[in-house]
Amino acid sequence: MLCSSKKRAYGIGTTNEKDMRYPKLRELAEAIRALIKGPYTSRFPFRPHVPEKRFRGKPEYHKDGCVGCKACYEVCPAGCIKVEDAVDASPPMRRLDLHYDSCMFCGQCQAACITQEGIKLSDKFDLALFDRKDAVESVEKELVLCEVCGCVVGAKEHLEWVAKKLGPLAYSSPTSYLAALKNLKLECLKLERTKELTRQDRIKVLCPKCRREITLET
Ligand code: SF4
Ligand code: SF4
């Protein structure tokens with residue numbers, strides 16, 4: 001059992017009366033303020049609602065800023081970004097589909113975007129639809145395939161972005177500098193493929209597996 005002085009020191013059984021009285025006064029003041037100023041709630045949808053700065057709304061792809069690297073797909077915690085590589089198409093294409101009906105607007109895709117320009121959260125919040133299949137945000141990018149095995153090396157614009165970022169260091173990897181040279185239409189460097197892997201196969205756009213194999217064998 002605590003004595004009354006200790007109860008006072010610990011605040012036990014002494015503040016109940018105040019707690020009961022002051023919040024009621026505060027609520028009364030709040031009610032009077034609301035009567036004078038009007039309601040705090042917005043009149044949406046009767047009046048357009050302007051979201052606050054840095055409001056996290058629907059994520060949107062920006063075709064010119066996106067290079068098709070898939071980083072947004074890798075980090076999305078909700079798994080609402082799907083990637084489809086059409087390697088048999090001409091030219092081969094990568095498609096990223098963001099299903100914003102299962103998005104939780106966390107902003108991880110925007111934070112991880114390597115260009116910081118490819119995907120951004122807009123301030124759009126009124127996203128109601130009749131068919132959830134329409135809740136898709138997409139972007140398409142051309143793919144580069146391995147010149148030996150035909151598997152995906154990456155998106156064309158991603159390789160160019162990497163080469164540009166590396167500057168002269170891009171010349172340490174034929175895949176990087178050939179991707180950059182292809183952008184300059186200097187395709188005269190393309191060498192014919194022979195049956196067996198030879199040293200000339202090093203000067204090709206290759207996937208990491210073929211690059212490793214050629215380095216070891218030739
Ligand atoms: S905001 Fe979050 S949940 Fe939505 S697409 Fe981007 S990473 Fe995924
Ligand atoms: S550039 Fe940005 S938006 Fe485009 S695929 Fe990469 S991470 Fe996603």
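Mentor: One term before we start. A residue is buried if 20 or more other C-beta atoms lie within 10 Å of its own, exposed if 12 or fewer, and partly exposed in between, with C-beta atoms placed from the backbone.
Trainee: OK. How much of the protein chain is buried?
Mentor: Buried residues are 20% of its 218 residues. Keep in mind that this is a predicted model: local features need pLDDT of at least 70, side-chain atom pairs count only at pLDDT 80 or more, and totals for chains, interfaces and linings use all residues. Residues are numbered from 1 along each chain as its sequence is written, while chains are lettered from A and ligands numbered from 1 in the order in which they are written.
Trainee: How many helices and strands?
Mentor: Seven helices and six strands. Those are DSSP runs numbered from the N terminus: helices are H or I with at least four residues, strands are E with at least two. From the N terminus the order is α-α-β-α-β-β-α-β-β-β-α-α-α.
Trainee: Which strands make up the open sheet?
Mentor: Four strands, in the order β2-β3-β5-β6, with antiparallel pairing. The edges are β2 and β6 (152–155), each pairing on one side only. Pairing takes at least two DSSP bridges between two strands.
Trainee: And how many bridges join β2 to β3?
Mentor: Six, between residues 81–86 and residues 93–99. The two strands form a hairpin, with six residues between them. Glu84 has Arg95 of β3 as its bridge partner, and Ala86 stands opposite Met93 in β3.
Trainee: Switching to ligands. What surrounds ligand 1?
Mentor: 13 residues, the closest being Cys76, Cys103, Cys106, Gln108 and Cys109. To be near, a residue needs its C-beta atom, placed from the backbone, within 6 Å of the molecule or strand. By class, the shell has eleven nonpolar, two polar and no charged residues.
Trainee: What goes in each class?
Mentor: Ala, Val, Leu, Ile, Met, Phe, Trp, Tyr, Cys and Pro are nonpolar; Asp, Glu, Lys and Arg are charged; the others, Gly among them, are polar.
Trainee: Now ligand 2. Which residues are closest?
Mentor: Cys66, Cys69, Cys72, Cys113 and Gly118, out of 15 around it. The shell of ligand 2 has eleven nonpolar, three polar and one charged residues.
Trainee: Last one. Which residues are buried in α5?
Mentor: In α5 (residues 156–166), they are Lys156, Glu157, His158, Leu159 and Ala163. After α5 comes Gly167, with a positive phi near 65°.
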